[in-house]
Amino acid sequence: MRTCWINGQFVPESEAKLSIFDRGVLFGDGVYEVAAVFQGRLLDADLHLARLTRSLGEIGMPAPLANERWLEVMQELATTNGIDEGLVYLQVTRGEAERDFPFPATVKPSAFAYARPKRLSDDPNAGGIAVHVVPDLRWLRCDIKSTSMLAQVLAKQAARAAGTYEAMMHEDGLVTEGGSSTLWMVKDGVLHTRPLSSDILAGITRDVAILLAGELGIRLEQRAFTVDEARSADECFLTSATSFVLPITRIDDAVVGGGTPGAVTSRLREAYLDRACRLTS
């Protein structure tokens with residue numbers, strides 16, 4: 001039986017319960033993080049926890065654990081559940097209180113975490129994925145990793161209904177990001193991704209990809225690009241904590257590049273895997 005962690009205790013998943021009055025249930029009043037597990041060890045979990053701290057601060061919520069303790073909990077979940085490659089998910093809500101929109105005067109945050117296996121080094125999608133273009137319906141603080149994700153649910157459901165792997169969200173034709181990923185394109189050897197703002201999440205894997213691109217001598221331009229530019233790009237790819245670097249070879253009916261992973265994408269994926277091996281060995 002799989003083990004999870006909830007409000008200070010490791011318990012079987014079947015015993016992990018939240019109240020129907022938890023504000024995460026009633027309002028989506030909470031934040032979350034997902035960190036990869038690679039070779040049985042956490043990958044960049046410290047960076048994810050730094051972002052969790054920022055998200056908590058942006059919504060005025062106290063941290064239920066110090067980041068050092070979170071690291072211990074997350075690693076124990078990976079080890080106890082025998083995760084060699086996969087992820088650890090953690091979530092913090094404002095806690096249980098009578099239903100009222102403003103923050104309760106006194107309330108204790110709820111927190112839980114669990115681990116899941118997932119193929120990372122030999123991801124079956126590494127040969128290329130398709131994405132489906134949808135309008136971005138989200139709120140104006142996408143830089144907060146909020147659990148209020150109905151817009152992303154609808155985007156990713158539309159992508160699935162279209163027979164594709166991920167959504168490509170846009171505002172008036174300008175690409176924002178994927179349903180749960182950062183989007184990139186390569187044109188004439190130059191790598192492009194949208195600059196950080198409240199319109200997108202500051203992806204941890206995005207930061208690492210930018211670092212690796214610099215090490216590889218790949219020119220980077222942080223600017224918004226259009227859906228049409230992406231369709232006609234030499235390469236497109238996405239990044240996320242549990243997908244690393246995945247090539248995009250089709251945008252709806254448009255084939256990207258030659259329909260196979262491009263050279264820049266392949267170099268970045270290889271560099272990302274090499275880095276993950278070094279950090280977790």
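**Before you start**

Residues count from 1 along each chain as its sequence is written. The model is predicted, so local features need pLDDT of at least 70 and side-chain atom pairs count only at pLDDT 80 or more, while totals for chains, interfaces and linings use all residues; side-chain values use heavy atoms, with hydrogens and water left out.

**Stop 1**

Side chains of opposite charge can pair when their charged atoms come close. Here a salt bridge is a side-chain nitrogen of Lys or Arg within 4 Å of a carboxyl oxygen of Asp or Glu. That rule gives 20 salt bridges.

Select Glu13 and Arg2. They form a salt bridge, with the closest N and O atoms 3.4 Å apart. Glu13 sits in the loop between strand E2 (9-12) and helix H1 (23-27). Arg2 sits in the segment before strand E1 (3-6), 11 residues apart from Glu13. Helices (H or I, at least four residues) and strands (E, at least two) are DSSP runs numbered from the N terminus.

Glu13 is partly exposed at 21% relative accessibility. Arg2 is partly exposed too, at 43%. Buried means under 20% relative accessible area, exposed over 50%, and partly exposed in between (1.4 Å probe, protein chains only).

**Stop 2: Arg54 and Asp143**

Now select Arg54 and Asp143. Their side chains meet in a salt bridge, 2.9 Å from N to O. Arg54 lies in helix H2 (residues 45-58) and Asp143 in the loop between strand E7 (129-135) and helix H4 (150-161), so the pair ties together parts 89 residues apart in sequence. Arg54 is partly exposed at 39%, whereas Asp143 is buried at 10%.

**Stop 3: Arg206 and Asp207**

Select Arg206 and Asp207. This salt bridge spans 3.8 Å, N to O. Arg206 is buried at 2% relative accessibility; Asp207 is partly exposed at 40%.

**Stop 4: the largest pocket**

Select Tyr32, Lys145, Met149, Gly179 and Ser180. Of the 38 residues lining the largest pocket, these lie nearest its centre. A pocket is an open set of points on a 1 Å grid over the protein atoms alone, where a 1.4 Å probe fits, with protein on both sides within 12 Å along at least five of seven lines; lining residues have an atom within 4 Å of a point.

Colour the lining by type: 15 nonpolar, 15 polar and 8 charged residues.

How values were computed. Nonpolar A, V, L, I, M, F, W, Y, C, P; charged D, E, K, R; others polar.
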